[in-house]
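Here is a short briefing on salt bridges in a predicted model. Which residues pair up, and where do they lie?

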Amino acid sequence: MIESGGSATAIDPRPSEEKDAPPAGKPRRDDAEALRQEIMAKLAYSIGKDPIVAQNHDWLVATILAVRDRIIDRWMASTREAFRTGRKRVYYLSLEFLIGRLFKEALSNLGLTETVRLALRELGVDLDTIADLEPDAALGNGGLGRLAACFMESMATVGIPALGYGIRYDFGLFRQTLADGWQIETPEDWLSFRNPWEFERREANYQIGFGGTVAMREGWDGAPRHEWVPSEIVLAVAYDTPIPGWRGEKVNTLRLWRARALDPIHLEAFNKGDHVGALAERTRAESISRVLYPSDATPAGQELRLRQEFFFTSASLQDLLRRHLLQFSDVRSLPEKAAIQLNDTHPALAVAELMRLLVDGHNLGWEEAWEITQRTIGYTNHTLLPEALESWPVTLMEGLLPRHMQIIFALNARLLADTERKREEDGIAPADISLIDESHGRAVRMGFLAFVGAHKVNGVSELHTQLMKRTVFRNLHRIYPDRIVNKTNGVTPRRWLFEANPGLTELLVEVLGKGLLDDIEKLSGLAPFAEDGAFQEHFFAVKLASKERLATVIAELTGLKVDPRAMFDVQVKRIHEYKRQLLNILQTIALYDAMRTQPHKNWVPRVKIFAGKAAANYVQAKLIIKLINDVARIVNSDPSTRGLLKVVFLPNYNVSLAEAIIPAADLSEQISTAGMEASGTGNMKLALNGAITIGTLDGANVEIREKVGPENIVIFGLTAAEVEERRRSGPSSRQTIDKTPALKEVLDAVAGGVFSPDERNRYHRIVRDLEDHDWFMVAADFADYVRAQEQVAALWRQTPAWRRSAVLNTAHSGWFSSDRAVQQYAEEIWGVPVHHKRRP
């Protein structure tokens, strides 16, 4: 135990039965020997290699297969139990699952890390070396996909039977490289050495239709029935990955769909010499699961996006209906036994597809099918950005999904008819709630479709939920006032604390007891230690070790040497104008100028760390990446800063890189334009690991402020309401810039080519956009952001005060667990009884 004269650490706070318990994860030699033999067997009989010639990758796959075997028994037991008890099951539909590397997470959750380390050591193999060879499964772009991955692990942990549905992208999101500071996208070939975690289920395949016509026929009862006759059929083939919960007690399934052509080759065309054309059908089909988020800048790109969304939605619904009928026989009991959750708007076609399957496939009446659909589906909205809410041209929908367009038209007519009286009372025009937007050509509002087809619609932070009610779903909320609820996001502590930061985890367990590992909200017991000098020293020794490791990563990736004792000021997230990496780099330029002109001041050493990917067709975001790298080139080579300021952009941000950055962060940049970030989960991960947040009152920053206390977070900038008012009535951005001399000087330097001497007008567009409209309030918030950064620097100089705030951020972050989040979904949306985690 930590020794101190302070009262906070004078008494061992752990339960008596834990004080003499062996350290967590201490391996038993007989277990290690058994695993060693299993690994050797896998190497020989599954990999076909002799240990003498085996490469590190061979050892990795062999070890994964041995560990996977231990998961399979628990996986099958979990599945059998769900079938035996008939418990309601959650089906989680998400276009993204950013699962990252699974090897170390599985070892941690099964309690096998040190056992496997010992087994491999006896074979002359280093665990960490081979673990680093596992590819990141790049099946997501950011918080949306990472949340889905956290939820799958948490549902297994708390005992919620669940099946995740998504797409098995061949290349996922692109690999980001930098060429002279410009983002370059290359394929992320994560399957090049196959995926040893997955099981192909060739028997679980479904035909997915596109195009064609809708015919009328007479049903068995004489009533007219619709029959969709597609002109194109694609096969969806399932690949299953087991997702173990904490301690491996329950294991759920992630089922990803791969697109295949019914006929892999047109043999007649091939034999006639058309060797390329013979494969055209196969290429068209397989393109559906080729790449995550193909560019939709062209009509072909838009069509591919829509094909992707319908492909995985239809396959998932067909599969879950088959599973339901196999177990319960009657499709009418679906709402009692299944909860379908749409993770954002991408799977919104589930509303129309479930109706089609129930009405056309199972011969249910319209009213009964609609009741089943609404009672079964829930919808999570993740954004207020119009482009992310999605709308598809009616002409595209009619050509690609003609039966679904009929169903949507019918649902829309029913919606407008049913709400007529309420709309007239409240002065709501039909166009305000119509599923068809006719303002710029007819388009289907997918967010509205998901809203009307769900029994509950949830936001992902308190502020976001309130803004949903006031903005994008304002009129629908007035008609259905009980439908929108809040479920604030969370992150799994197993991945983002136990695995990513084992040093801090060990310290926390030493102080709070091993019960923390099963109940992360016990972190609140850390609060009394925040004032304790001895504990602060231990806490920040762990932080320094993490920073030294990250400094090594920075040197390896960029060649830049940074001082681990400097403040690590971190902004790592998708590059987007509303997330305001631009505000950060403009303040960095102002700080750089101040350091050069006022060298006598007591400047706090800083390392500004950026990472994130810009969408391939997002020109402005890619230009911001280039600006960050141009600023870094100038600042890092300028001796006048005396090494007090460094700027680094780390390429190819992914889960594994996040696991290196987050434990090392001192300052967490959560500086989005207020009202535009739905929640954020990076803010939660960073606070959990002892970073202090600088941010706006946006997304979950509001709840973080409530939990950690306003004195332990640095808030700046306009509120969401003030942003709305400023957009309506000004002042203009040019007036704001003229009244902010530091900003004007920075923008003059950027526009004048100081950071782009090879192309002096490179950043004219960025500066012109700020001067003309400043939609994202960069100029409006600049002065207050500079003030907030000065406040951060002042706090950093007061070492005990900084350390106290950092400890309290960790202490009060237990609530932001995805365990808490999924239990709230289960109890308040899904109607699934939660078998709470057994406490040791």
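**Salt bridges in the predicted model**

Arg255 forms a salt bridge with Asp240, with the closest N and O atoms 2.7 Å apart. A salt bridge here is a side-chain nitrogen of Lys or Arg within 4 Å of a carboxyl oxygen of Asp or Glu. Across the whole structure, the search finds 66 salt bridges.

**Strands S8 and S9**
- Arg255 lies in strand S9 (residues 251-261) and Asp240 in strand S8 (residues 232-244), so their bridge ties together parts 15 residues apart in sequence.
- Helices (H or I, at least four residues) and strands (E, at least two) are DSSP runs, numbered from the N terminus.
- Arg255 and Asp240 are both buried, meaning under 20% relative accessible area, while exposed is over 50% and partly exposed is in between (1.4 Å probe, protein chains only).

**Strand S9 and helix H9**
- Arg260 bridges to Glu286, and their closest N and O atoms are 3.4 Å apart.
- This pair links distant parts of the chain: Arg260 is in strand S9 and Glu286 in helix H9 (residues 280-286), 26 residues apart.
- Glu286 counts as buried, at 9% relative accessibility.

**Strands S17 and S18**
- Asp569 and Lys608 meet through their side chains in a salt bridge (3.1 Å, N to O).
- Asp569 sits in strand S17 (residues 567-572) and Lys608 in strand S18 (residues 606-611), so the pair ties together parts 39 residues apart in sequence.
- Both Asp569 and Lys608 are buried.

- Salt bridges with shared partners join Asp180, Lys626, Asp630, Arg633, Asp758, Glu759 and Arg762 into one network.

**Basis**
- Residues are numbered from 1 along each chain as its sequence is written, and side-chain values use heavy atoms, leaving out hydrogens and water.
- In this predicted model, local features need pLDDT of at least 70, side-chain atom pairs count only at pLDDT 80 or more, and totals for chains, interfaces and linings use all residues.
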